[in-house]
Amino acid sequence: TKGWWHHLRFNSTDAGSILIHCTVEYGGRREPYGRAGNVVIDGAANVSISNCTISNSGTNGVHCFNDQGFANFSENTITNNGQESDRTYGGYGIKIYADQIRGIESNNSVSGNLLGGVYVRSDTITNDATWYPLDAPYVLETVTVNDPLQPTMTVEAGTELKFLEDTKLVIDTGRLVAQGTVFTSNQNFPTKGWWKGIQFGQEAVASSLTDCTIEYGGGTDLTISDTNIDVKTANGLDIHNCTIGNSKVYGIKIRSGGKADLSGTSFTANETADIYVDRGSCATYTGVPAGSPVVVNNGTCN
């Protein structure tokens, strides 16, 4: 039965541990300290898991309890984890911090779990990372890209990022490069304003969104206001051939001296307007958006 035993746990003294061609099943018993999964990474660095089957956990398949990830995580099948009686403790294929995603390869299968594929815990990304498409979406808490070395979060084509209520993706000191990615609500029946969108801060550099969909944001927040995409950076932001839609207020808001190129980008079903330009702060956009977006200009550039 699911949850019969607790877990296989790697502590801080277990760095470099390896699982190859293993089956780990019927663990994941919930416990009061929050470690919930067949395999628990609890402080161990550089763990490698490959060609394994991790299934039938009472909670999560793999749970990175502390902010450590993998040297290699490839060709694993993680399925049928979670049960209704313990869903508050998890029921995902993988539960992990955002800065540790970089070890997970695209050749893993994480579908068929109770609550979803990969649950991404709130975290600051301080290392270059590539997020690969998997056979189930990533489900995200708030994630921030921020480090003096300006790390790059790269999201490969076909990846689906589903955001929890009132969360956001913040590109602070760093960059986002995404192609063919869907940024959306994690609801079964999405509603406008569910999440707070993507924010590009003043120090964000050389970022780009190409052939992406950004939708169902526009939730109110003190720093990212009523929009799917909030732009403060003047350091290079290309949003090309994307679809920006179903915001509770604005599709994109360009403010505080921010600049963006919107070539070929289309807008759909944004509640108040497609583009908000804070002219009082000399914000602007270049490129020719597709169709005839509704543009709101606030004031005159000084």
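A residue is termed buried under 20% relative accessible area, exposed over 50%, and partly exposed in between, as judged with a 1.4 Å probe and protein chains only. The structure described here is a predicted model, in which local features need pLDDT of at least 70 and side-chain atom pairs count only at pLDDT 80 or more, while totals for chains, interfaces and linings use all residues. Residues are numbered from 1 along each chain as its sequence is written, and side-chain values use heavy atoms, with hydrogens and water left out.

Strands are DSSP runs (E, at least two residues), as are helices (H or I, at least four residues), and both are numbered from the N terminus. In general, the strands of a sheet pair through backbone hydrogen bonds, either parallel or antiparallel. Two strands are taken as paired if DSSP finds at least two bridges between them. On this basis, 11 strands build an open sheet with parallel pairing, in the order 1-4-7-10-11-14-17-20-23-26-29. Its edges are strand 1 (8–11) and strand 29 (266–268); each has a single partner strand, so one side of each is left without a neighbour in the sheet. From one strand to the next, the twist averages 20 degrees, where axes are lines fitted to C-alpha atoms (for helices over the stretch in contact) and angles run from 0 to 180 degrees between N-to-C directions.

Within this sheet, strand 4 (39–42) pairs with strand 1 in the parallel sense over four bridges, and Asn 11 stands opposite Asp 42 of strand 4. Three bridges join strand 4 to strand 7 (residues 62–64), again in a parallel arrangement, with Val 62 of strand 7 as the bridge partner of Val 39. The side chains of strand 4 are divided between two directions: Val 39 and Ile 41 point one way, Val 40 and Asp 42 the other way, and all are buried. Further along the order, strand 14 (residues 138–140) and strand 17 (residues 160–163) run parallel and are joined by three bridges; here Tyr 138 stands opposite Leu 161 in strand 17.

Another open sheet consists of three strands in the order 2-5-8, also with parallel pairing. Strand 2 and strand 5 (residues 47–50) are joined in the parallel sense by three bridges, and Ile 18 stands opposite Ser 48 in strand 5.

Five aromatic pairs are present in the structure. Rings of Phe, Tyr and Trp (its six-membered ring) pair if their centres lie within 6.5 Å; planes under 30 degrees apart count as stacked, over 60 as edge-to-face and the rest as tilted. One of the pairs is formed by Phe 70 and Phe 73, whose ring centres are 4.5 Å apart with planes at 45 degrees, so the pair is tilted. Phe 70 is buried at 9% relative accessibility, and Phe 73 is buried at 0%. The rings of Trp 131 and Tyr 138 have centres 5.2 Å apart and planes at 45 degrees, so this pair is tilted. Trp 131 is buried at 0% relative accessibility, and Tyr 138 is buried with a relative accessible area of 1%.
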